[in-house]
Amino acid sequence: MAKVPFSDPPWLMGQPSPIFTESHRRWQAAIRPFIQKHLIDHAVEWEVAETLPDSVFTEFAKANMLIPALPAPLPVEWLKRLGIHELLGGLKVEDFDYLHSLIYVDEMARSGLAGPGGSLTTGVAFGVPPLLKFANKALQEKYLPELLRAEKRSCIAITEPETGSDVAGITTTAVKSADGKSYIINGTKKWITNGIWTDYSTMAVRTGGPGSGAAGLSLMVVPLKNYPGVNMRRLKVGGQVSAGTTYIELDDVQVPVSNLIGVEGQGMRYIMTNFNHERLTIAVGATRQARTALAAAFEYVMKREAFGKTLMQQPVVRNRLAKAGALLESQSAWVEQFGYQMTKMTKADADRELGGLTALLKAQSGIVLKECAEVAVLLFGGNGYTRSGQGQLVEMIYREVPGVRIPGGSEDVMLDLAVRQLVKLYQGKLKQLQKEAKI
């Protein structure tokens, strides 16, 4: 069957790739039918309904199809302790790398909508990793078994009503009780994806005093659902509604001091490390959304007629498709290159060398999605501006563009951060060369 141009990345359109191995191809072939059946076929319906049935999360959990949302390499020792040795298609958990991860994120976004997939994976992808990386053994034993088996749900709770990309400005406080056994938490969190369903959040709080800035931040596990002092309500955002964006109020919420993740005052460092995986995940998903939008437009203009000919026969239409397609395929190749680099670098090297570029990749993914979604809406015409019918999907994708450009670090902040990080890295290497030259 001939595939619509732009509908899949080149390596899935029959073209050779130096990046993806036979293991990656087997993994992709194994997971696509499962994700198609249990998610993609119903994604538009569930996004319109604004919620996925509970059974969907259960189906993914039973098939261990939430585990791949974790950053690679997977926590092999933990997974094997829990009896999880293989993923779909016979992929051993120890063989899972960042390209397998990229493929998973890409496949989960094939509907073109971020909400349905995000409703399942966001907590696993961003809420669980800080526990794996920085929590002590006792805290891991307390929470990880239920979270990794998806018996309980997680989320990452950082953003506040007055504090978005400026993480160091967080005002939610965690003050030790008089007996020193608990933290008393007060404040609010806003735009928290999956929050409404969360049992145990990974939350950023201020343990330092006023004016302590980044050095006063800590991470801790804070129970949410049905927990004393916690009030939550869903926010109806412009797109990705089914992902369960949540407003959280914390009024004298008491948690044990043992729920502190890692060391008090190290929260900013932990958050920044976690952001790299989050931003790469967003970039992969947004690139697939752009691909879905542009492919839909390509297919539509092949059959839509105006002025006695198909839209594809109009030079201006081909020009729009060409320019958007060039942006898309360039972005797609950069994403794949990133995934490949992650398979060849240690975590420490990747955080150092690719941190700034990850921010740039994430920002560029939003720019490319905006262009492709806008082209799709324009080429669908009135249908692309209608929340039903032939153009329903591209109209929905267009509303999701801000959901890529703002969360995970807003676009302008990411562009600036990328260059500042590159300058810092360059200056550090210059100093090292100068130091070595004096020896």
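**Charged pairs and their surroundings**

Mentor: Asp351 and Lys347 are joined by a salt bridge in which the closest N and O atoms are 2.6 Å apart. The model in which this pair is seen is a predicted one. Both residues belong to helix α11, where they stand four residues apart, about one turn of the helix. Asp351 has a relative accessibility of 25% and therefore counts as partly exposed. Lys347, at 39% relative accessibility, is likewise partly exposed.

The structure holds 22 salt bridges. One of them links the side chains of Lys189 and Glu160, with 2.9 Å from N to O. Lys189 is in strand β5 (residues 182-192), while Glu160 sits in the loop between β3 (154-157) and β4 (173-176), so this bridge ties together parts that are 29 residues apart in sequence. Lys189 has a relative accessibility of 0% and is therefore buried. Glu160 is buried too, its relative accessible area being 2%.

A further bridge brings together the side chains of Glu411 and Arg405, at 2.6 Å from N to O. Here the two partners fall into separate classes: Glu411 is buried, with a relative accessible area of 11%, whereas Arg405 is partly exposed at 26%. Salt bridges may also join into a network, as they do for Lys3, Asp8, Arg32, Asp106, Glu107 and Arg288.

Glu336 is buried yet takes part in no salt bridge. Arg291 carries the nearest side chain of opposite charge, and it is 6.1 Å away; a salt bridge would require the nitrogen and the carboxyl oxygen to lie within 4 Å.

Let us return to helix α11, which holds the pair described at the outset. This helix covers residues 347-380 and packs with helix α12 (residues 392-400). Two packed helices are described by the angle between their axes and the distance between the axes. For α11 and α12 the angle is about 145 degrees, and the axes are 9 Å apart. The crossing of α11 past α12 is left-handed. On the side of α11, the contact is made by Leu369, Ala373, Glu374, Ala376, Val377 and Phe380; on the side of α12, by Val394, Ile397 and Tyr398. Eight of these residues are nonpolar, none is polar and one is charged.

Pro116 lies in helix α6 (residues 114-127). Its relative accessibility is 1%, so Pro116 counts as buried. Apart from residues up to four places away in sequence, Pro116 touches Leu39, Ala43, Glu47, Leu52 and Ser242. Val93, by contrast, is 23 residues from Pro116 along the chain, and the C-alpha atoms of the two are separated by 25 Å.

Note on methods: Residues are numbered from 1 along each chain as its sequence is written. This is a predicted model: local features need pLDDT of at least 70, side-chain atom pairs count only at pLDDT 80 or more; totals for chains, interfaces and linings use all residues. Side-chain values use heavy atoms; hydrogens and water are left out. Axes are lines fitted to C-alpha atoms, for helices over the stretch in contact, and angles run from 0 to 180 degrees between N-to-C directions. Helices (H or I, at least four residues) and strands (E, at least two) are DSSP runs, numbered from the N terminus. A crossing is left-handed if the near helix is turned anticlockwise from the far one by less than a right angle, and right-handed if clockwise. Contact means heavy atoms within 4.5 Å. Ala, Val, Leu, Ile, Met, Phe, Trp, Tyr, Cys and Pro count as nonpolar, Asp, Glu, Lys and Arg as charged, and the others, Gly among them, as polar. Buried means under 20% relative accessible area, exposed over 50%, partly exposed in between (1.4 Å probe, protein chains only). Lys and Arg count as positive and Asp and Glu as negative; His and the chain ends are not counted.
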